[in-house]
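The following briefing is intended for a student who is learning to read a structural model. Please view the structure first and then consult the points by topic.

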Amino acid sequence: MSQHATATPMVQIRDLSKRFGDAVAVDGVSLDIARGELFAILGSSGCGKTTLLRMLAGFEQPSAGRILIDGVDVTDAPPYERPVNLMFQSYALFPHMTVFENIAYGLKKERLPPPKIKERVAEMLALVRLEPLAARKPDKLSGGQQQRVALARALVKQPKLLLLDEPLAALDKKLREHTQFELSNLQYQLGTTFVLVTHDQHEAMTLAGRIAVMAEGRIAQVGTPGQVYEYPATRDVASFVGNINLIDGRVTTCEAGRISLQCPALNAQVAVLCEEQLGAGTEICVAVRPEKITISRDAPDARDRNVVKGVVRDLGYFGEQSLYRVLLQSGAVLQVSAQNIKRMATKTVEWDDEVFLSWEVASTILLRT
Amino acid sequence: MTTRPSINGGDSRRWLRTAVLVPYAWLLLFFLMPFLIILKISFAEPVVAQPPFTALLEWGQQGWAGIHATFENFLFLFEDDYYGIIYLASLKMAAIGTLLCLLLGYPMAYFIARQPPRRRQILLMAVILPFWISFLLRVYAWIGLLGNRGLINELLLKTGIIDTPLALLYNDFAVYLGIVYSYLPFMILPLYSNLERLNLDLLDAASDLGARRWQAFVDVTLPLSVPGIVGGCLLVFIPAVGEFTIPALLGGADTLMIGRVLWDEFFVNRDWPVASAVSIVLLLLLLVPILWFQRNQDREQEAAQ
């Protein structure tokens with residue numbers, strides 16, 4: 001990515017909108033996606049991500065805005081004239097064609113000479129390790145094999161941009177983890193720009209270099225998985241990506257890059273870092289991830305930490321970690337997760353234990369409501 | 001196959017057996033028996049009597065039962081070119097009629113299958129609606145439309161487009177029209193149910209891979225609709241070959257179809273044995289495409305598994 005950082009982005013989306021009647025599916029989206037990037041568009045169903053994908057592929061005509069691919073405006077180009085290929089969520093393999101014919105289809109439409117087609121399809125078959133299955137029909141393949149055929153078929157035309165619609169959704173858990181690594185290896189190997197659309201945050205975070213979180217037709221935040229997770233820009237992003245405790249409060253003091261706020265739910269003052277100057281009384285929201293909270297039976301050192309007291313109401317043991325739901329005096333519940341670092345630790349927190357919860361002021365996320 | 005003990009014992013199985021038995025008994029009684037009777041008559045000789053054919057079993061003087069059968073009737077069909085020509089003519093008319101139904105029915109089925117669900121129901125209803133009126137009446141109505149003084153000719157004459165009435169009735173054209181009109185729903189329905197199931201992602205995929213709309217149709221829609229095409233064609237072709245009403249009411253004197261010959265042999269010549277032989281041969285002619293279709297379907301089911 002770095003060597004192309006100054007070059008034109010592979011995909012430039014400018015103020016793109018799509019309306020279906022009165023409903024606005026995509027609302028003024030602008031995005032730059034760099035050459036060779038693995039970019040994810042993450043959002044819940046109905047957030048407009050699929051419509052955005054279909055506009056990139058050319059199946060949907062935007063109501064407004066432009067799409068440029070490699071500097072060329074393709075907004076009005078039909079799908080068959082775009083240097084873009086799509087791997088469908090349903091794979092959409094042609095059931096009456098063999099694996100070979102499926103992969104060869106795009107090249108045939110390009111009117112490539114047959115020996116050349118054979119060579120290119122063979123290359124793709126080798127890439128996705130399906131050579132022995134070339135003569136099979138899709139319904140004689142497993143889900144994972146079908147997925148690889150779909151991938152090969154979409155890649156064989158060497159598109160400038162490969163779109164993937166929920167690429168792992170149809171696979172079972174084991175296969176999904178395996179395919180995840182395969183997919184990112186393949187992307188690295190080929191250097192093709194990948195844009196994947198998903199509602200699964202794990203899929204987006206493990207695969208993508210950058211993520212755009214979409215909500216209600218707009219881009220809520222664009223960033224690396226780390227940025228989106230640790231510094232969510234909005235409440236929507238914070239609650240959609242990972243588990244989080246959201247706490248409403250009112251500013252009491254604001255000085256030296258640090259805000260103190262009164263949170264009725266915690267029945268306590270919470271400190272959060274903030275560069276901005278916010279007036280006393282401003283209503284804001286803070287958030288803290290469950291794994292950032294330390295749970296203990298003894299009172300912790302309160303320096304630079306926010307501390308509250310509560311009672312363990314629920315406890316889930318997951319092997320590598322335990323999840324606690326801690327009831328506070330106000331009736332609010334905080335989620336806490338703790339790594340089980342010691343084997344069968346003796347001094348564990350149990351049901352109904354009175355505990356102290358504490359987290360660093362620096363791990364507290366400030367969200368503007 | 002293994003037999004599995006069912007939870008509620010033999011009771012449900014006995015019911016199942018009865019439920020299966022009834023339609024089989026029905027078929028046996030009303031399909032196989034008449035067929036066997038016709039088969040029997042086809043081996044008899046015509047006589048002027050009641051019934052007008054000789055019995056299959058003859059009781060000899062010594063009380064021996066002798067079989068009195070002759071292949072004369074079948075030989076007669078093969079010796080006389082007349083029948084061969086008529087069989088071919090019937091097959092040809094049915095084939096052309098089927099082709100016309102396909103050419104007309106495919107776009108209609110395709111169009112209906114691409115409508116929003118509510119409109120689909122209305123359009124399908126419109127396809128089935130003619131069945132609410134007797135087939136005979138509907139064919140008869142065409143006489144009123146196509147005749148020399150019929151609606152169409154009157155209209156064309158009055159508007160001055162033609163001076164003399166067009167010969168629309170009592171010729172092959174009228175028979176084709178009747179076949180297409182009567183059998184079009186049988187083409188549309190299986191095609192519709194096939195085309196409606198088509199995964200539209202496949203068309204998007206073809207388009208994404210560089211196919212124009214018509215190419216996507218030729219490469220994806222058409223080959224995947226072959227079962228619907230075969231089903232529709234058989235549903236039209238098989239009854240059309242033996243069709244009697246349409247050629248009798250709309251056809252000319254020179255419109256030769258096996259259904260009319262059958263009628264003539266039975267009721268004009270009163271040669272029941274030859275008439276029976278004609279229908280047996282017709283049945284055998286039609287059995288071939290049916291068996292082919294069956295085999296086709298079996299193979300498809302195998303592929304689906």
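In chain B of this predicted model, the axes of helix α5 (residues 135-146) and helix α7 (residues 172-196) come within 11 Å and cross at roughly 140°. Axes are lines fitted to C-alpha atoms, for helices over the stretch in contact, and angles run from 0 to 180 degrees between N-to-C directions. Helices (H or I, at least four residues) and strands (E, at least two) are DSSP runs, numbered from the N terminus.

**The helix pair in chain B**

- α5(B) and α7(B) are therefore oblique to each other, a term for angles that are not under 35 degrees (roughly parallel), over 145 (roughly antiparallel) or 65 to 115 (roughly perpendicular).
- The crossing of α5(B) and α7(B) is right-handed, meaning that the near helix is turned clockwise from the far one by less than a right angle.
- On α5(B), the contact is made by B:Phe135, B:Val139, B:Trp142 and B:Leu146, and on α7(B) by B:Ala174, B:Leu177, B:Gly178 and B:Ser182; two residues are in contact if their C-beta atoms, placed from the backbone, lie within 7 Å.
- This contact has six nonpolar, two polar and no charged residues, where Ala, Val, Leu, Ile, Met, Phe, Trp, Tyr, Cys and Pro count as nonpolar, Asp, Glu, Lys and Arg as charged, and the others, Gly among them, as polar.

**Where chains A and B meet**

- In chain A, 16 residues are in contact with 15 residues of chain B.
- The side of chain A that touches chain B divides into nine nonpolar, four polar and three charged residues.

**A sheet in chain A**

- Four strands of chain A form an open, antiparallel sheet in the order β2-β1-β4-β5; two strands pair if DSSP finds at least two bridges between them.
- β2 (23-33) and β5 (72-73) of chain A stand at the edges with a single partner strand each, so one side of each is left without a neighbour in the sheet.
- Strands β1 (residues 11-20) and β4 (residues 64-69) of chain A run antiparallel and are joined by five bridges.
- A:Arg14 has A:Arg66 in β4(A) as its bridge partner.

**Numbering and confidence**

- Residues are numbered from 1 along each chain as its sequence is written, while chains are lettered from A and ligands numbered from 1 in the order in which they are written.
- Because the model is predicted, local features need pLDDT of at least 70 and side-chain atom pairs count only at pLDDT 80 or more, whereas totals for chains, interfaces and linings use all residues.
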